Amino acid sequence: MSMERSIKQFEADRMDAVKIAARLLLASATTAPRVGGVGECTIHILDDECDIEDLCQKVEEMATDNESWQFFLRDAQMLRDADAVLLITSLRSKTDPADINCNMCGKLTCEYLREAEELPREPAVAYPGPLCIFRANNIAYAIDGMISLARNLGIDYGLFWSAGAAAMRMGLLPKNTGFAMAVGISVTEKSPFRDIPLQYAHYNEKTMHDRIIRRLWPQFRSIYS
Amino acid sequence: MAIREMDDLVQHGLDRVVELMALAAHNSIRLGGRNTIKMITVGREEMEMIAEFCFSLGDMSPLAARDGRHMIDLIKEPCSLLIIGDKRRSYFNYDCGACGYRTCRDLNRAEQMESLTARGPSCQFRNINMNLAASAAACAAWRLGLHCRVFSTFGFAALALEIIEDVDLVVSVSVSAAKKDPYFDRHKFWTTEYWEEIFNKEFPTYNRGFIGAIEE
């Protein structure tokens, strides 16, 4: 077997590993505890690079919707380097409060929460609240279940709410989704979610490759050949 | 060679695991990169107070009453309670809208609502961070072989009794080194007759079949 073929085989196996890992993480997130024992979270896997690109473009688009979301540009760039993205939803936080009157939402009772005016569905609003916080907290347990296993499997991971909000806006998630977050995973030698320099949206592996290899190297070849 | 008895070993092991749980919660993944949670563990005396408080809520909350009764049983064997709390205001400046306010600034300016369970309104992401910490603690306990369950009720009680102070939101992780897992299938709290009565009341059509509208 030539070296080139074995390297291609490694790349194919690496992507298989991503698909298997993503499904195992889904299992761990699904069986993680839920408050009150009531199921309400779903987990969705994006492991096609075109689907991930669509999501990243939506995240980038949202960066201009609210001046607090400038970091969405950085998130999108990090997610472009993810091998898979897992989206975690809370299906009851919007429509089905927990009925325990916990007051985490500040409405004292769940009845008052039901009657509360909802934020308008505007570009500058990521999650039109108020949500039942007690329900939405289930996402924390699902995410930690996922991350706990990712650590055991040696999979690199990153946690992003921007991509969860973007997926909701794209209509990728169940219609009752009130809150969603995303976990990007990567099976690469250098985690794309760590060591992120400033201005990463402008200076990253893709732009460096485009600038140095695709642009300068052909000119160098033309001139010095 | 010094001999250590099983009870001594179990108690010391439990104490060490609780410390490791606190460490796992302290270092758990979080949004915003800042750890603002507050953690304490409580002893038998505080657990008795929490149990009595929960039991006293029986009229309002059967769930709290059940958990109160449960804790009385729990403290008969080696156990511990890790209480994790956090403040309610947002420092993220995400302006995400999940709390029902358009911006974090609006949330932070909103009137604080007091109750026995939590002070709201609170930032969704602070809640997520606090529960990520609780989950990390529970995960550590599970891996180290302790019986474990996350309780909101004990957390609420600890807040109401001011056992944990300077926080607005609380959750608790209860662990036990009992000989039988005490946290699940707690059938002993119900007699068969009571269970059947409450089941038939809550799910009347299950045994009766659906017969349309009922005239009271």
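In chain A, the buried residues of helix 3 pack against helix 2, strand 2 (84-90), strand 3, helix 7, strand 4 and helix 8 (205-224). Helix 3 spans residues 71-80, and because nine of its 10 residues are buried, the helix is largely enclosed by the rest of the structure. The model is a predicted one, and the points below are grouped by topic.

- The buried residues of helix 3 of chain A are Phe72(A), Leu73(A), Arg74(A), Asp75(A), Ala76(A), Gln77(A), Met78(A), Leu79(A) and Arg80(A).
- Strand 3 of chain A, residues 156-160, is mostly covered, with five of its five residues buried.
- Burial extends to both faces of strand 3 of chain A: Asp156(A), Gly158(A) and Phe160(A) lie on one side, while Tyr157(A) and Leu159(A) lie on the other.
- Strand 4 of chain A (residues 179-186) pairs with strand 3 of chain A through five bridges, in the antiparallel sense.
- Within strand 4 of chain A, Val183(A) is the residue opposite Leu159(A).

**Packing of helix 2 on helix 7 in chain A**

- Helix 2 (residues 49-62) and helix 7 (residues 161-170) of chain A have axes that come within 9 Å of each other and cross at roughly 100 degrees.
- Helix 2 of chain A contributes Leu55(A), Lys58(A), Val59(A) and Met62(A) to the contact, and helix 7 of chain A contributes Ser162(A), Ala163(A), Ala165(A), Ala166(A), Ala167(A), Arg169(A) and Met170(A).
- By class, the residues in this contact between helix 2 and helix 7 of chain A are eight nonpolar, one polar and two charged.

**Domains of chain A**

- The domain assignment of chain A gives domain 1 as 3-194 and domain 2 as 197-225.
- A distance of 32 Å separates the C-alpha centres of domain 1 and domain 2 of chain A.
- Domain 1 of chain A and domain 2 of chain A each give five residues to the contact.
- On the side of domain 1 of chain A that touches domain 2 of chain A, there are one nonpolar, one polar and three charged residues.

**Contact between chain A and chain B**

- Chain A supplies 33 residues to the contact and chain B supplies 30 residues.
- On the side of chain A that touches chain B, helix 5 (133-136) and helix 6 (138-153) of chain A are the elements that give two or more residues.
- Helix 6 of chain A provides the largest share of that side, seven residues.
- The side of chain A that touches chain B comprises 25 nonpolar, seven polar and one charged residues.

**Overall architecture of chain B**

- Chain B contains eight helices and four strands, arranged along the sequence in the pattern α-β-α-α-β-α-α-β-α-β-α-α.
- The C-alpha trace of chain B spans about 65 × 55 × 30 Å along its principal axes.
- Of the 216 residues in chain B, 44% are buried.
- Among contacts in chain B with a separation of 6 or more, 73% are between residues 24 or more positions apart.

**The sheet of chain B**

- The four strands of chain B form an open, antiparallel sheet in the order 1-2-4-3.
- Strand 1 (38-42) and strand 3 (147-151) of chain B are the edge strands, each pairing on one side only.
- From one strand to the next, the twist averages 20 degrees.
- Strand 1 of chain B runs antiparallel to strand 2 of chain B (residues 79-86), and five bridges join the two.
- Thr41(B) has Leu82(B) in strand 2 of chain B as its bridge partner.
- Helix 5 of chain B (residues 124-143) packs on the sheet and touches strand 2, strand 3 and strand 4 (169-176) of chain B; the direction of helix 5 makes about 5 degrees with that of strand 4 of chain B.

**Ile84(B)**

- Ile84(B) is located in strand 2 of chain B.
- With 29 other C-beta atoms within 10 Å, Ile84(B) is buried.
- Beyond its neighbours within four places in sequence, Ile84(B) is in contact with Ala25(B), Ile37(B), Met39(B), Met130(B), Ala133(B), Ala134(B), Val171(B) and Ser172(B).
- Met60(B) is 24 residues from Ile84(B) in sequence, and their C-alpha atoms are 24 Å apart in space.

Note on methods:
Residues are numbered from 1 along each chain as its sequence is written. Chains are lettered from A and ligands numbered from 1 in the order in which they are written. This is a predicted model: local features need pLDDT of at least 70, side-chain atom pairs count only at pLDDT 80 or more; totals for chains, interfaces and linings use all residues. A residue is buried if 20 or more other C-beta atoms lie within 10 Å of its own, exposed if 12 or fewer, and partly exposed in between; C-beta atoms are placed from the backbone. Two strands pair if DSSP finds at least two bridges between them. Two residues are in contact if their C-beta atoms, placed from the backbone, lie within 7 Å. Ala, Val, Leu, Ile, Met, Phe, Trp, Tyr, Cys and Pro count as nonpolar, Asp, Glu, Lys and Arg as charged, and the others, Gly among them, as polar. Axes are lines fitted to C-alpha atoms, for helices over the stretch in contact, and angles run from 0 to 180 degrees between N-to-C directions. Domain bounds come from an automatic or database domain assignment.
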